[in-house]
Each structure stands twice: as C-alpha cells, then as structure tokens.
Amino acid sequence: MRYAYLGPEGTFTEAALRALMPQAPEADLVAYPGVDAVFSAIRRGEVAGGVVPLENSLEGGVSATMAELINGDPLLIAAETALPVRFTLFARDGVALADVKRVATHPHAYAQCRGWLARNLPDAEVFTVSSTAAAAQAVAEPGAPYDAAVCARVAGERYRLNALAEGIGDRSDTATRFIQLVRPQPLPEPTGADRTSLVAFLADDHPGALIELLQQFAVRGVNLTRLESRPTGDGLGRYCFCLDADGHVADPAVGEALMGLRRICKEVRFLGSYPRAGLGTELSPFLPPRGTTSADFYEAERWLARVRAGEPG
C-alpha cells in the first residue's frame with residue numbers, strides 16, 4: 001500500500017499526507033516530481049492513492065491539479081485536509097541576508113511572500129520551481145544557481161540550510177487545502193458533514209446557462225462552497241465549472257441536484273463525496289431552508305408514492 005505525494009521530501013503536501021494517514025510507514029510514502037506525475041502513478045496503479053494541493057486561501061485553485069481532475073481518466077477524492085502555510089527564507093552556510101540575489105520558490109509561495117521580498121530583498125531575482133521543497137533541495141546542492149529558498153521550515157531543516165528570516169508571508173492566516181485521490185471505488189457512507197465535488201460542462205453557450213446550472217442546487221437547498229471556471233482546452237471562450245457542494249451524493253437533495261445537472265449539461269464529472277475537513281477559514285455552518293432537508297425529501301417521496309398508488313395523500 002504505497003501512497004504518492006508532490007515531492008521532494010519536505011513539501012507541505014508530504015505534511016498533508018502524514019496528517020491524512022498518520023499510521024502509514026515511511027517506506028510507503030513516495031515522492032513524485034510533479035502533480036501530473038502523482039495523477040499518473042495513481043491511474044497506472046503504481047500506488048494505492050496520492051495527495052496533491054487543490055486550493056490556497058490566497059491564490060485560489062492550483063492549476064495543475066484542476067487540469068488533471070478535468071482531463072484524463074477520472075479519479076475520486078477520498079478525503080481532504082487543510083494546513084496553515086508558513087514560510088521561511090533559508091540559505092546555505094555563510095550566506096547572509098545581504099548576500100541573497102537569487103531566490104527559488106514555488107509560484108504560490110512567491111505570491112504569498114511578494115511583499116516581504118520586495119521590502120527586504122528589493123534587488124533579488126525570484127525563480128519559480130515545482131515545489132518549495134524542490135527550492136530548498138536546489139539551494140542545498142553544490143554549485144547551486146540560487147542563494148536562498150522560500151519554503152517550509154521542515155524543508156529547510158531537512159536539507160540542512162540556515163534560516164535567515166521566519167514568517168515571511170504577507171498574511172498570517174493563509175491555508176492550503178489538500179485532497180487524497182484514489183481510483184474509482186465504492187464511496188464512503190455519509191457522515192452528516194460531507195462535501196461533494198464535480199465538474200460540469202455546459203451543453204452550449206447561451207444567456208442564463210450558468211444560472212440554470214446554479215438553480216439545480218439553489219432550488220434544492222444545496223449550499224455551494226466553491227465555484228471556479230476552468231478552460232476546457234477546446235478553444236478560447238469554452239469553459240467548464242468546478243464545484244464543491246455541502247452534502248453527500250447519497251443525500252436526496254444532492255442526488256437530485258446532480259440528476260438535474262446531468263439533464264442540462266453536456267457532461268458531469270463526479271469527483272467524489274467525502275468527509276468535510278474543518279478548514280478554519282470557512283463561514284458559519286450552512287442551515288438548509290425549510291423543506292430541503294433529507295427528512296423533507298424522504299417524506300415528499302413517500303407522499304408521491306401514496307399518490308401514485310391511488311392512496312389518500
């Protein structure tokens with residue numbers, strides 16, 4: 001039972017995998033060089049599952065993950081977790097802050113530390129790499145082209161670098177959401193605190209098309225927690241919509257909403273129903289409107305069965 005994650009060792013994704021699977025042996029955790037490589041390893045059956053970043057509270061969706069979820073053989077989201085993201089500037093022995101002219105980091109990390117870097121290293125050039133841990137690894141190598149890395153503390157320490165500055169993020173409340181992916185399999189039972197993810201492809205472009213999609217959830221009292229448009233790759237102006245909804249596909253309201261989408265959309269890609277993680281930055285719990293709880297749907301279904309059977313309603 002091997003599990004893949006976005007590597008190298010020391011990434012926030014490794015920390016997320018350890019949080020999701022704290023009992024997994026060290027030998028079963030396999031680092032891959034990119035998000036696409038993690039997806040490929042799962043699809044080919046090299047690993048039982050894997051963990052990748054999905055979205056950041058400041059930068060939004062991770063493009064590489066979203067592209068893989070939309071395209072290729074479908075995978076299911078089995079679980080999620082969210083981790084606070086804190087960044088440190090690390091360098092090799094003998095390098096002081098004033099010596100730093102070339103900094104390596106991940107694009108999302110750069111976006112979250114741009115202000116600090118501009119104030120404290122105004123003359124430094126920033127280079128983006130596949131992960132913050134890859135930045136630390138590159139800085140640690142002999143003859144490295146970079147002077148410092150913006151990364152997690154665990155990565156800097158793992159590659160025996162020295163911390164030049166702690167907590168360099170422009171905001172202290174940043175968090176990243178990670179998802180655990182598996183090949184298609186039976187879904188977990190509803191817990192009462194679940195999330196359902198999917199991708200909806202519009203059948204055609206016309207006024208009100210997005211409203212029609214959203215109404216499938218609104219009229220059934222299903223709360224959407226994320227809506228993101230993504231290009232389909234079929235040409236400019238062609239988009240699909242990635243959605244997260246409160247609830248499990250086994251819940252009547254969610255199930256009916258998905259059936260409604262299937263009737264009006266060109267394609268609906270189901271990405272999974274799984275326990276919802278406490279992300280720490282969400283709004284207050286959503287309370288469904290009157291008439292839209294599971295009990296309401298079941299009662300209406302029983303009433304319709306009586307009517308169809310010719311019994312008193």
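A residue counts as buried when its relative accessible area is under 20%, as exposed when that value is over 50%, and as partly exposed in between. Keep this in mind as we walk through the structure, which is a predicted model.

Val307 has a relative accessible area of 38%, so it is partly exposed. This residue sits in helix H9, which runs over residues 294–308. Together with Trp303 and Leu304, Val307 forms a nonpolar patch on the surface, and the accessible area of the three together is about 250 Å².

In helix H5 (residues 132–140), 7 of the 9 residues are buried. Among them are Thr132, Ala138 and Val139. What lies over these buried residues? The cover includes helices H1, H4 and H6, along with strands S6, S7 and S9.

Helix H3, covering residues 63–70, has buried residues too: Thr65, Met66, Glu68, Leu69 and Ile70. After H3 comes Gly72, with a positive phi near 80 degrees.

Next, let's look for empty space. Rolling a probe the size of a water molecule over the atoms shows where such space is left. The structure holds 1 cavity of 30 Å³ or more, and the largest cavity has a volume of about 250 Å³. It is lined by 19 residues, of which Phe12, Pro53, His106, His108 and Thr176 are the closest to its centre. H1, S3, H4 and S11 each give two or more residues to this lining.

Finally, consider the charged side chains. A search of the whole structure finds 20 salt bridges. In one of them, Arg158 pairs with Glu9, with the closest N and O atoms 3.6 Å apart. Because Arg158 lies in helix H6 and Glu9 in the loop between strand S1 and H1, this pair ties together parts that are 149 residues apart in sequence. Arg158 also forms a salt bridge with Glu14, where the closest N and O atoms are 2.9 Å apart. Here the link runs from H6 to helix H1, across 144 residues. Is Glu14 buried or exposed? Its relative accessibility is 3%, so Glu14 counts as buried.

Another salt bridge joins Glu80 and Arg195, whose closest N and O atoms are 3.0 Å apart. Glu80 is in strand S5 and Arg195 in strand S12, so parts 115 residues apart in sequence are tied together. Both residues belong to a network of salt bridges that also includes Glu55, Arg177 and Asp244.

Notes. Residues are numbered from 1 along each chain as its sequence is written. This is a predicted model: local features need pLDDT of at least 70, side-chain atom pairs count only at pLDDT 80 or more; totals for chains, interfaces and linings use all residues. Side-chain values use heavy atoms; hydrogens and water are left out. Buried means under 20% relative accessible area, exposed over 50%, partly exposed in between (1.4 Å probe, protein chains only). Helices (H or I, at least four residues) and strands (E, at least two) are DSSP runs, numbered from the N terminus. Contact means heavy atoms within 4.5 Å. Patches are made of residues with over 30% relative accessible area and no salt bridge: like charges are joined within 9 Å, nonpolar side chains (Val, Leu, Ile, Met, Phe, Trp, Tyr) within 5 Å. Accessible areas come from the Shrake-Rupley method with a 1.4 Å probe; for residues, only the protein chains shown count as cover. A salt bridge is a side-chain nitrogen of Lys or Arg within 4 Å of a carboxyl oxygen of Asp or Glu. On a 1 Å grid over the protein atoms alone, a cavity is a set of points where a 1.4 Å probe fits but cannot get out, and a pocket is an open set with protein on both sides within 12 Å along at least five of seven lines; lining residues have an atom within 4 Å of a point. Grid points are joined across faces, edges and corners, and a volume is the space filled by probe spheres set on the points.
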